[in-house]
Every structure is written in C-alpha cells, then in structure tokens.
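Open the model in your viewer and get ready to select. We will go stop by stop.

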Amino acid sequence: MLDGLTRDSAQMLIGGMWRDSAQTLPLTNPSTGAEIGRIAKGTPADIDAAVQAAQAALDGAWGTMSALERGRILTRIGVAVLEHVDELAQIEAMDVGKPLGQARADALALARYCEFYGGAADKIHGETIPYLDGYTVYTLREPHGVTGHIVPWNYPMQIIGRSVGAALAMGNACVLKPAEDACLTALAFARIAQAAGLPDGALNVVPGLGAEAGAALAGHPGVNHVSFTGSVRAGAAVQQAAGANVVPVTLELGGKSPQLVFADADLDAALPFLVNAGLQNAGQTCSAASRILVQREVLEEVSQRMAEAYAAKVVGPAMDDPDIGPLINAKQKARVEGFIAQGADLPLLARAQMAEGVPEGGHYVRPALFGPVPPDHVLACEEIFGPVQVIIPFDTEDEAVRLANSTDYGLVASVWSDSGARQMRLAKRLRAGQVFINNYGAGGGVELPFGGTGKSGHGREKGFEALYGFSVLKTVAARHG
Ligand code: NAD
C-alpha cells in the first residue's frame, strides 16, 4: 500500500539524508482502524541532529542564498507539489481519514503557499528612517535562524505550507515535527522539496511523539523560533519550554468560533456555511464554526433548515469521498462520543447518516446538531473538535456580541446580516483574529493573516504578516558626519 512518495515511511530527513529510526510507531488508517505501516519515533538525539543540520545549512549555501533564489526554489517546490496533488490527496486520505476531495484541496493549498511565499521572498523590505543630521538609519529583515515547526494532524499540508513556507522564504532553516497520527504528507513534501532543489538541511523532518520529539524541539537551545499549532495544553508547554531559552513562539491553538445569524440575513446564502463550516474535516478544524448564534425571530427556520441539511449528510470511508470522513483515532472518537452523551439533556435536532457497510474498525461518528442550547452548557463552551454544533438563541445585538465573546477563545467569527452598519460595528466588537461578513472562511485564502486572541493563541501566520513573524528586525545607524 505504501510506495512512491510514502516509501520508507519510518524514515526521517536530517541534513538531506534519509535515516532509519531506531524505534517506530504504528501508522493506522482511520477509515478501517487497520495498521498499514510504521513511522519513525524520533528521539531527542534525532532532534539534536536535525537542529545541527539546520544550523549547518545556515552556515552554508542556504544562509548566503539571495532572497530571489530562495523564492525561485520555493516556487519550483510549489509547481512540483501541483504535479503530485492527486498522490498527496490519496496519502492524506489514507493517513488521516480526510475525504479525498478535501485532502485534494489541502494539497492545492500547500502548492499555493509555496507559490505565494516563493513570490513574496524578495518583496519584504526594510525602511530608511529620517534621523539626526549626519546619520543614515535603515532596518534589515533577517531570519531568526533555526525555526522549529510542531504541527497537528488535522490539516498537515496546509499548516506545513503556511509555517514552513513562510520560514523558508525568509531564509530560516526548519526542523519540522509532524503529528504522530499524520506524518506521511510531511515526509512526501520533504521528498518533493528535495527533488525541486531545496539545499540539504534547509528542511529537516523528525516524526515522533509530542512529549518526546516535540518537547525536545520546543526546548532545544539551538532553536531560535518555534511555530506551534495544536491544543492549548501542548501549546502552553511549548511556550514554557521555549521561554527557558527566551525564544519567540507563535501559538495557533483551538477555538469555539461563532457564526451570528441576524433576522435580516440572507438565509439561503448563509445555510451552507452554517453547516459546512461546522462539519468540514469532521469538525476537526481549529476554526470550526461550532456555535451558531441565531436571532430568535429566525430560530425555528434556521434550526429546521440546518437539521434538514444534517440529515442529508453521509459519513463514510475517506477514499469514497463522503461528506464526512472518520475521526483521526479511537481516542478522538471516544472523546467526541463522550461530548454527545453529555448532550442527552439537550434537544437533539438531527444526526447525519452513516453510509452502508462502513468498515467496523473505522473511527466514525454521526454528526449531531443540538438546539436551542443554553450558553453555559459544556457543549456550548468547550472545544469538541468533532462534528457537533450547537444553536444558541439571542434577542439583541448586544446579547449576540456578549455570547460570541463569552468563551476563552477568539479565533474566528462571522456575521450574517444585511445591515452595513451592524456589519461594521460587529467587525470591531467581536473578539477574534478573523471576522467574516456574510461568509465564513473566505475560501481559506493563503493571503489572509490568521491567528487568535485569548486561548486561541498569539502571533499570525499566512499572508505577508507571517513573513514579519518569521524574521527579526535589525536597525542599522550609520554616523557619517
Ligand atoms: P496536540 O496539541 O495534541 O498536538 C499537536 C502537535 O504538538 C503534535 O505534533 C504533537 O505531537 C505535539 N505535541 C504534543 N504535546 C507536546 C509537547 N508537550 N511538546 C511539544 N509538542 C507536543 O493537538 P492535536 O490533538 O494534534 O490537534 C488538535 C488541536 O489543535 C485542537 O485544539 C485544534 O483546535 C488545534 N489546532 C489549531 C489550529 C490553528 O491554526 N489555530 C489549526 C489546527 C489545529
């Protein structure tokens, strides 16, 4: 089953060399629950070797390469990713249970990140600063040096694209620790990048456990910046570990993102977004729209129409490209079912259908829609990270804002309303890193800076903003009289 880009899945890439790992971890297919191979279980020693290889790249050709040339390499990688889109989609579908069409969209996004950051590499400028007579002052944007990238399993290709792509564009050398449940596309991407001419050591990939390889990377004294995407728990540990070395950290964490539906909204336009933004990737999306806040005048209509949409959705094996695939693993399935059980006291509006004959060992959960749900119910407050949405009624705009801002998170929010004044007011009042007006996600554009407030994290990735995050500003003051 494993060949082509997934051959030798239990290897890691350090300094341009593919190395066998002393120990391995099982690789399972979430659609069947079957073990389909092994992956490397990187150790702190492997991380150390990878950090040294990255430093060697910075001391060598990669460190002196012009921004133009780095950009050309990234663009070539993007083109090569495009040539492998179908293969990457199949690998991802098999490895993380993502429906084939959604996995293909992720592969296209990975290519797009490489193209975007390839084009942007030589377009980040310093400034000249008017200063005292006899001085010329200017700023330089320089790489941090070695950057660590710790990535989760839910959107591996997109998250690698946005963080590694931006870091390479600015001339950093990367050590990537993919999630233990999803490292095949990281390894495949590394093979593609190598073949496209990325110099040895500019990208190193060490799969392994979070508490072992991940923790070693976060706390390594040779790492100069850490980009972490994942849970609040692990993010806090990563920040603490990096803090010991006084190293900057970007944290992209979870969310409990709301969509606010006002009575004056175009419900026909809103409906697909209300449902799909909650169910995409089986709800295993940091920016999933897990709370639907609905003005009471349209509560019944929205509830009924969302319930109809749920009932028509089908859950099945990733390779069949269903609406909803399996969850990543048995633990996640048990966790989500636990939350659904906690909703036993709530009105259940609908559950999606299970396709006939799904493999017994697959980690399938039928999506569940609850409403109306009290805003202090556990299902309305905690990140479930599964296909569960709650509908919460409100009466006034002030109440909607209060409810929307009432969780510990602040990642994404959307406003559905025909009132331009309300759109502008709420865009300012909502506590979120991205606010969408009469849409949700805007197609996920790689150009759009992304990140959270509160427990959703800090720092921004995507767009040009990421390039500032992956670089350091140096001020040069020349006194020439
Ligand atoms: P996780 O935190 O368990 O794992 C994420 C990564 O961190 C994995 O590579 C893991 O091996 C590693 N890790 C775990 N413990 C670590 C430690 N102590 N030190 C260093 N590394 C460690 O998260 P997950 O379960 O894989 O992903 C789900 C979470 O990720 C959700 O909370 C979700 O909202 C969040 N997420 C956020 C974004 C975003 O952009 N904001 C995107 C995707 C996922």
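Helices (H or I, at least four residues) and strands (E, at least two) are DSSP runs, numbered from the N terminus. This is a predicted model, in which local features need pLDDT of at least 70 and side-chain atom pairs count only at pLDDT 80 or more, while totals for chains, interfaces and linings use all residues. Residues are numbered from 1 along each chain as its sequence is written, and side-chain values use heavy atoms, with hydrogens and water left out.

**Stop 1: a loop residue**

Select Thr407. It sits in the loop between helix H14 (397-404) and strand E19 (409-410). Is Thr407 buried or exposed? Thr407 is buried, with a relative accessible area of 10%. Buried means under 20%, exposed over 50%, and partly exposed in between (1.4 Å probe, protein chains only).

Now show its surroundings. The Thr407 side chain reaches the backbone nitrogen of Tyr409 at 3.1 Å. Leaving out residues up to four places away in sequence, Thr407 touches Lys256, Arg291, Ala380, Cys381 and Arg431. Contact here means heavy atoms within 4.5 Å.

**Stop 2: the ligand**

Select the ligand. It is surrounded by 30 residues, and the closest are Lys177, Glu180, Ser231, Leu253 and Glu383.

Zoom in on the ligand's oxygen atoms. A polar side-chain atom of Ser231 lies 2.6 Å from one oxygen atom of the ligand. For Glu383, a polar side-chain atom also lies 2.6 Å from a ligand oxygen atom. Val151 uses its backbone: an N or O atom there lies 2.8 Å from an oxygen atom of the ligand. Taken alone, the ligand exposes 850 Å², and the protein buries 90% of that. Such areas come from the Shrake-Rupley method with a 1.4 Å probe.

**Stop 3: the nonpolar cores**

A nonpolar core is a set of buried Ala, Val, Leu, Ile, Met, Phe, Trp, Tyr and Cys residues joined through side-chain atoms within 4.5 Å. The largest one has 88 residues. Select Trp62, Ile77, Tyr117, Phe189, Leu198 and Leu203, which have the most contacts inside it. Helix H5 (residues 100-120) supplies the largest share of this core, 9 residues. Apart from this core lies another, of 53 residues, including Leu271 and Ile384.

**Stop 4**

Select strands E5, E6 and E24. They form an open sheet of 3 strands in the order E5-E6-E24, with antiparallel pairing. Two strands pair if DSSP finds at least two bridges between them. Strand E5 (128-129) and strand E24 (471-479) stand at the edges, each with a single partner strand, so one side of each has no neighbour in the sheet. Finish at Leu140, which stands opposite Lys474 in E24.

Technical notes: Near = heavy atom within 4 Å. Polar contact = N/O pair within 3.5 Å; in protein donor to acceptor, adjacent residues only side chain to side chain.
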